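Colleague: Hi! Could you walk me through this one as if I were new to the subject?
Modeller: Happy to, here it is.

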Amino acid sequence: MHDLEKEKDLALQELSDIYEEEGLNQWRLAHLGKSALVSQVFASLGSMTKEERPQMGRTANEVRVALEAGLADKRDMLQQAALARALQSEKLDVTLPGRGA
């Protein structure tokens, strides 16, 4: 259980250092993919004792939800930053050219 909390803290710290979409996808695969610690805990719930299962399941769910929320927030932030850069660099002149009389 402590490993999950450490994993969550480490993953969220890594997430704060990402500034591009490709890095975000790599982070998602590393921390929420099939080989991630959280996924491994979910896969091993069946082999845990009846007493351990609810607590580990609850903790794993909380960690997964926190990581998914962090991912969504970071993705929104990156998309808004990309939009702001695009708007800054792509000025659009909406005025009509003058007409000859």
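Modeller: Let's begin with a term: a salt bridge is a side-chain nitrogen of Lys or Arg within 4 Å of a carboxyl oxygen of Asp or Glu.

Colleague: Thanks! How many salt bridges does the structure hold?
Modeller: The structure holds three. Please keep in mind that this is a predicted model, where local features need pLDDT of at least 70 and side-chain atom pairs count only at pLDDT 80 or more, while totals for chains, interfaces and linings use all residues. Residues are numbered from 1 along each chain as its sequence is written, and side-chain values use heavy atoms, with hydrogens and water left out.

Colleague: Which pair links distant parts of the chain?
Modeller: That would be Glu21 and Arg75, whose side chains meet at 3.7 Å, N to O. Glu21 is in helix H2 (residues 21-32) and Arg75 is in helix H4, 54 residues apart.

Colleague: What does Arg64 bond with?
Modeller: Arg64 forms a salt bridge with Glu68, the closest N and O atoms being 3.7 Å apart. Both residues lie in helix H4, four residues apart.

Colleague: Is Arg64 buried, exposed or partly exposed?
Modeller: Arg64 counts as partly exposed, at 29% relative accessibility. Buried means under 20% relative accessible area, exposed means over 50%, and partly exposed is in between (1.4 Å probe, protein chains only). Glu68 is partly exposed too, with 38%.

Colleague: What share of the residues is buried?
Modeller: Buried residues make up 25% of the 101 residues. Leu71 counts as buried, at 7% relative accessibility, and lies in helix H4 (residues 52-89).

Colleague: Who is Leu71 in contact with?
Modeller: Leaving aside neighbours within four places in sequence, Leu71 is in contact with Leu15, Leu24, Trp27, Arg28 and Leu32. Contact means heavy atoms within 4.5 Å.

Colleague: What about Lys74, does the nearest opposite charge sit within reach, or how far is it?
Modeller: Lys74 is buried yet has no salt bridge, and the nearest side chain of opposite charge, Asp17, is 7.3 Å away. For charges, Lys and Arg count as positive and Asp and Glu as negative, while His and the chain ends are not counted. The contacts of Lys74, leaving aside neighbours within four places, include Leu15 and Tyr19.

Colleague: Last one: is His2 buried or exposed?
Modeller: His2 is exposed, with a relative accessible area of 64%, and lies in helix H1 (residues 2-16).

How values were computed
Helix = DSSP H or I, 4+ residues; strand = E, 2+ residues; numbered from the N terminus.
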